[in-house]
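Here are my notes for your first read-through. Keep the structure open beside you and work down the points in order.

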Amino acid sequence: MRVQKGSATLHAEMSALENSGRLPASAYEGATMYTTLSPCDMCTGACILYKVKRVVIGENKNFLGGEEYLLNRGKEVVVLDNEECKQIMEKFIEEKPELWNEDIAV
């Protein structure tokens, strides 16, 4: 959604929260966030702020984000190490390095 909406902040996790509508943080307590990649610092912070209980990550080889911080804040982190997620991300990084670098703030 960063590209589609010209947004600096709509990573998948932020987009999921945005699409939920305006809800109190208590609405997310106990929720699970599913994400292809390890969440960046911004998305990690959003998961903590909104009291998401568990973050399920497709893969963390192409990008390692705030997993340790999530764990330190008492969140459950599940890394699937999914081969399909890795391949999709590797292809995206190879084909669109400029977008990838924007995504990870390089």
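**Notes on the model**

1. Start with two helices. α1 packs against helix α2 (residues 41–49) at an angle of about 40 degrees, and their axes are 8 Å apart. The model is a predicted one.

2. By type, the contact of α1 with α2 has five nonpolar residues, one charged and no polar.

3. Now find the sheet. Three strands form an open sheet, and the order is β1-β2-β3. The pairing is parallel. β1 (32–37) and β3 (76–79) each have a single partner strand, so one side of each has no neighbour in the sheet. From one strand to the next, the twist averages 20 degrees.

4. Look at one pair of strands in detail. β1 pairs with strand β2 (residues 54–59) in the parallel sense, over five bridges. Find Thr32: the residue opposite is Arg54 in β2.

5. Next, see what lies on the strands. Helix α4 (residues 83–95) lies across β1 and β2. Relative to β2, helix α4 runs at about 65 degrees.

6. Turn to the largest pocket. What is its volume? The value is about 490 Å³. The lining has 22 residues, and the closest to the pocket centre are His11, Ala12, Leu37, Met89 and Asp103.

7. Where does that lining come from? α1 (12–20), β1, α4 and α5 (97–103) each supply at least two of the lining residues. The lining of the largest pocket divides into 14 nonpolar residues, five polar and three charged.

8. The second largest pocket holds about 180 Å³ of space. Its lining is made up of Leu10, Met14, Leu17, Glu18, Gly21, Arg22, Leu23, Tyr28 and Tyr50.

9. Finish with a single residue. Leu99 sits in helix α5. Which residues does Leu99 touch, leaving aside its neighbours within four places in sequence? They are Arg2, Val3 and Phe92. Then trace the way to Met42, which is 57 residues from Leu99 along the chain. The C-alpha atoms of Leu99 and Met42 are separated by 17 Å.

Technical notes: Residues are numbered from 1 along each chain as its sequence is written. This is a predicted model: local features need pLDDT of at least 70, side-chain atom pairs count only at pLDDT 80 or more; totals for chains, interfaces and linings use all residues. Side-chain values use heavy atoms; hydrogens and water are left out. Two strands pair if DSSP finds at least two bridges between them. Helices (H or I, at least four residues) and strands (E, at least two) are DSSP runs, numbered from the N terminus. Axes are lines fitted to C-alpha atoms, for helices over the stretch in contact, and angles run from 0 to 180 degrees between N-to-C directions. Contact means heavy atoms within 4.5 Å. On a 1 Å grid over the protein atoms alone, a cavity is a set of points where a 1.4 Å probe fits but cannot get out, and a pocket is an open set with protein on both sides within 12 Å along at least five of seven lines; lining residues have an atom within 4 Å of a point. Grid points are joined across faces, edges and corners, and a volume is the space filled by probe spheres set on the points. Ala, Val, Leu, Ile, Met, Phe, Trp, Tyr, Cys and Pro count as nonpolar, Asp, Glu, Lys and Arg as charged, and the others, Gly among them, as polar.
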